[in-house]
Amino acid sequence: MSTIIRTARFSTTLRHRPALLALTTRPCLALSKVPGHFQNFHDSSQKKIIGDVRSQIPQVTTQHIPESVAAPQDISSTEFSSAHLKAYSASELLSYLIMGLCTVNKTILNLCIKVFPYVPIPVIKALVYKIYCGGETFDQVRKTGARLSDRGIHNMMLSLTIEACDGNDKVDPDSIVSQTRQSVRDILIPHTESIINTSGKDINSIPPGYVALKPTGFSHDAANVLRYYNANPKYAAMFDELVERASSICQEIYDANSKFALKYPNRTAPLVVGVIDAEKHDLQEGVYELQRRLYAKFNPKNKPVSVVGTLQMYLAGSSDLLAMEERLAAEHGYRLGLKLVRGAYIHSEKDRSVIHKTKEDTDKNYNQGITYCLESILAHQGNTSVIGHLVVASHNAESLSLTTRKLAEPVYASNSNKSNIVLGQLMGMADNITYNLIKEYKIDNVIKYVPWGPPLETKHYLLRRLEENGDAVKSDNGFPLVKAVVSEMMARFKSVLL
Ligand SMILES: Cc1cc2nc3c(=O)[nH]c(=O)nc-3n(C[C@H](O)[C@H](O)[C@H](O)COP(=O)(O)OP(=O)(O)OC[C@H]3O[C@@H](n4cnc5c(N)ncnc54)[C@H](O)[C@@H]3O)c2cc1C
């Protein structure tokens, strides 16, 4: 049975959309069998279509962004701001102190990265788990949500963190689905309701609650399923099951948004969103296909989007991909939700040629991408734009400045679509920037990515954070962090003595 026939079984909505199912950015066996325009994406006719689409997109380079928009605001001042540390408990401060010491210079950091896999779980749990992870149980995650909310961070992107992409086949996909669905019902929806009722904010100033969906958690042998979904009948069938599992969570989210829409008719953006996380590059073709099927099913025109996909802007082909996704959405009558990230797998990516050559190229591409999406969303009122929702998922001060300046432009003052633009940082990362966004720049739509789950499973996630924290041994790590934590500890000690 061909891949086209099998995928067409997925839904009536998609039955008449083989082109949508077939278009991928890599050669696709199923496509080459189909006549007409269902051809290999890399053939010349297909390239021309994409070329045409790109030419319609204003090329927003940093040179073309007006000075007032491009110049970075002082969100992360070079002088480390320690104001946010006042909200932390003594044990959280100790964790930050340890993190600061681990990232004091590259040599110590590299040593810590080497030693980390051998550190026993109870030690990790006692020392750093709580600043990066939301907890192991629903109750602990709820408390984390409440603590974040006390700091003005009114919603979360929950992520049940089970690392399964490297052949960890101990995962039980059905249990991941049921725990994730339950986390939407028992954590995200009540948390969002409670923020609506207690924060005193306007309904359009409340960020949605997100649940991150890791495609590698939704199938056994997920890496091969995502790699070979359209080349091997066994994996194609498993891919359909993977899509069904993700769909069952998105259905829960879609239904919740429908209920919210009745209860809060003035709200423009969704109040709950499912976000497909991006994985290593060689799995991404399957992930893009998953995203497209979910968009088509759960992001109908003129309604808030319920599904957001992720684009990694460190990929050299990402701006073409963005253009293609927008064109596919327009052609097939659904809306796009996008989370733009730079990309987390630079350390483990085998094929380095797929990534932009320099950090500057990645930065430029990221800033162009967010500017394009922002302008596209803000050019409309209500839920009429093709790109319907954007999560600027970054800790980079320049990218966040760009976003905050755009949102602050007087022309958008009464545009309710601003609630469709949300800034997200990982829990425990760039906390001083998150604090500044909320307290100094009065940005409401800020959320934290909150991984939760068993500490053993979150160990890989924590290792990636350690690597990322030290990428440049940045100003919010290392010695500045140690200095700030010590002075906060001293201040508390003095106040006890007085
Ligand atoms: C809410 C949230 C969700 C996320 N979800 C995902 C996800 O689903 N999938 C995923 O892959 N990542 C995800 N990330 C991580 C993200 O991709 C980045 O790794 C991380 O945010 C660091 O990038 P930054 O934008 O904060 O900026 P910076 O710290 O300024 O940039 C660091 C990034 O720049 C890029 N880079 C560094 N050096 C080079 C170089 N020499 N050449 C080219 N590029 C370079 C890399 O992407 C690196 O991670 C998420 C991040 C957040 C905040």
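Mentor: We will go from the whole chain to the barrel, then to one strand and the ligand. Keep in mind that this is a predicted model.

Trainee: Fine. How many helices and strands are in the protein chain?

Mentor: The protein chain has 20 helices and 8 strands. Its length is 498 residues, and 47% of them are buried.

Trainee: What do the 8 strands close into?

Mentor: They form a barrel, in the order β1-β2-β3-β4-β5-β6-β7-β8, with parallel pairing. Neighbouring strands are turned by 30° against each other on average, direction ignored.

Trainee: And which strand does β1 pair with over 6 bridges?

Mentor: That is β8: residues 155-160 of β1 pair with residues 446-452 of β8 in the parallel sense. Leu-158 stands opposite Val-450 there.

Trainee: What holds paired strands together in general?

Mentor: Strands of a sheet pair through backbone hydrogen bonds.

Trainee: Now β5. How many of its residues are buried?

Mentor: 6 of its 6 residues are buried. Leu-336, Leu-338 and Leu-340 lie on one side, with Gly-337, Lys-339 and Val-341 on the other.

Trainee: How is β5 joined to β4 and to β6?

Mentor: Parallel in each case, with 4 bridges to β4 and 5 bridges to β6. Gly-309 has Leu-338 of β5 as its bridge partner, while Gly-337 stands opposite His-389 in β6. From β5 the chain passes through α16 to reach β6, in a right-handed β-α-β crossover.

Trainee: Which helix goes with β4 and β5 in a β-α-β unit?

Mentor: α15, and that unit is right-handed. This helix, residues 318-332, lies across β4, β5 and β6 and runs at about 155° to β4. Helix α17, residues 397-408, packs on the sheet too, where it touches β6 and β7. Its direction makes about 155° with that of β7.

Trainee: Changing topic: which residues come nearest the ligand?

Mentor: Val-341, Arg-342, Ala-344, Ala-393 and Ser-394, out of 27 residues around it. Val-341 is also one of the buried residues of β5.

Trainee: What gives the most to that shell?

Mentor: β7 does, with 3 residues. Elements that each supply at least two residues include β4 and α16.

Trainee: And how does the shell divide by class?

Mentor: There are 11 nonpolar, 11 polar and 5 charged residues.

Technical notes
Residues numbered from 1 in each chain as written. Predicted model: local features only at pLDDT ≥ 70, side-chain atom pairs only at ≥ 80, totals over all residues. Buried ≥ 20, exposed ≤ 12 C-beta atoms within 10 Å, placed from the backbone. Near = placed C-beta within 6 Å. Nonpolar A, V, L, I, M, F, W, Y, C, P; charged D, E, K, R; others polar. Pairing = 2+ DSSP bridges. Axes fitted to C-alpha atoms, helices over the stretch in contact; angles between N-to-C directions. Contact = placed C-beta atoms within 7 Å. Right-handed = clockwise from strand over helix to strand, strands pointing away.
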